[in-house]
Amino acid sequence: MVSKNEIIELEITGMTHEGLGVGKKDGFAIFVQGAIDGEKVRAKIIKVLKNYAVARIEEFLEKSSSRVEPFCPFYKRCGGCSLQHMTYEKTLAFKKQVVTDNLARIGGLQDIKVHDTLGMKDPVNYRNKAQYPVGMGKEGPVSGFFARRSHDIIEIKDCGIQHPFSDIARDLVLEHIKKYNIPVYNEETGEGLIRHVVSKIGFNTGEVMVVIVATKPEIPQKQKLIDMLKTKIPNLKSVILNINNTRGNVILGKENITLYGSDTITDCLGSLFFEISPLSFYQVNPVQTEILYNKAIEYAGLTGEESVFDLYCGIGTISLFAAQKAKRVIGVEVVPEAIEAAKRNAVRNRLTNTEFYVGKAEEIVPQLYKEGKTADVVIVDPPRKGCDEVLLKTLIDMAPKKIVYVSCNPSTLARDLKYLTANGFEAQESQPVDMFPWTGHVECIVLIKRAESRMK
Ligand SMILES: C[S@@+](CC[C@H](N)C(=O)[O-])C[C@H]1O[C@@H](n2cnc3c(N)ncnc32)[C@H](O)[C@@H]1O
């Protein structure tokens, strides 16, 4: 055991899935923020719990060759990135290991081939969406990002992973707030007006949307704000006021008022155009999205003859990638506005072999199956909590030839794979894709095939 404030020498022998270094003292696990496997550190114990302790690095005794100086001056405090103390290559290897460990430990898949993570050539300024909280600092209104494990706002300038227009939009809204003494939101009391500044950027079209999240449907001097945004952001296509007067951490409310320009912006991926609205999901790293979708379509192995289900389809992005190569595609998504956009996206891209349904995949797919609608290939891209068991049960009964599982959470992916592989499917291979460079988030795709024994 160790005790609080004790200074120990520690060899870092592993890393947690959050990127903390792990060492052992007399068999007792000690987690060290910012340490890399292979390093030796002198560390101070700052917290002791029943099964592990947490320590802070006091001094490096041996540094990893993968250690680099973080490029962001706010790195230590900001809750956004957590892997900037490693080389990019090391972060890619780390993410591959996270996938491998989860598939083995939770999924029971010891032998599955996990490919090297597909990384970015230039992993900077890659995000097309930023969400900046607005609040009151010591010297007045502030906007930036929450500090690690806290809701204190750090005023970050020139964030290295955001598009520069996002920072510009945030700064201009903040300037406007200060100039006209507009009250900012107080999370504790629920009072105040402006809560967040959200930006969305079509990387391939250059179109920009700025969303101001407020508790009421009016902001003072809005025309002056719009004029300022128009001057500084040349391709500004849309300014939206989003109303959120609920308590809690959800950023966007349900109601949107278009203050300037159009209700949506457009982006393209490959040869396809997509409409992006304030509320619907759109992958945040467009460069890697094309790589992710192309890999998913490659795994689907479409020849033009297949019926495809794209479940959790958002605005129909994967559906339309698949529709270019399949006979028919059915997309299912729970957000009604996203399905409306998916239908418009299909029309705009002249893909007539698609159908879209609003509702929970676990409710719609059993219904479709009852009506005799089945798929040769099912693509799933669920949120972090993974697939509902009812959906997985239906897929087991339906027995498509292939399931392509796109996941942003390797642990729920592994849980779902365990269930599928115990029920007539084989997980063949896995491809991690770095959608979120420098953060601990890991995205990967798994190719799952119906077992030979179940082939009809
Ligand atoms: C990770 S996103 C993927 C979206 C899309 N495939 C893409 O690449 O843009 C997950 C999507 O699942 C939707 N969703 C969440 N729970 C759902 C459910 N139970 N049934 C259907 N869709 C759901 C979310 O609204 C979101 O659009």
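**Exercises: two open sheets**

V406 stands opposite I445 in β23. The model is predicted, so local features need pLDDT of at least 70, side-chain atom pairs count only at pLDDT 80 or more, and totals for chains, interfaces and linings use all residues. Residues are numbered from 1 along each chain as its sequence is written, and side-chain values use heavy atoms, without hydrogens and water.

**Exercise 1.** Find how strands β21 and β23 pair, and over how many bridges.

*Solution.* Start with the terms. Strands (E, at least two residues) and helices (H or I, at least four) are DSSP runs, numbered from the N terminus. Two strands pair if DSSP finds at least two bridges between them. Now take β21 (residues 402-407) and β23 (residues 443-450): they pair in the antiparallel sense over 6 bridges.

**Exercise 2.** Work out which strands stand at the edges of the 8-strand sheet, and why one side of each lacks a neighbour.

*Solution.* Write the order: β6-β22-β23-β21-β20-β17-β18-β19, an open sheet with mixed pairing. The edges are β6 (113-114) and β19 (354-358). Each has a single partner strand, so one side is left without a neighbour in the sheet.

**Exercise 3.** Describe the 6-strand sheet and state what helix α2 touches.

*Solution.* The order is β8-β7-β11-β12-β13-β14, open, with mixed pairing. The twist averages 20 degrees from one strand to the next. Inside, β7 (residues 129-137) and β11 (residues 194-201) run antiparallel, joined by 5 bridges. Helix α2 (residues 164-179) touches β7, β8, β11 and β12 (208-214); contact means heavy atoms within 4.5 Å. The direction of α2 makes about 150 degrees with that of β11. Axes are lines fitted to C-alpha atoms, for helices over the stretch in contact, and angles run from 0 to 180 degrees between N-to-C directions.
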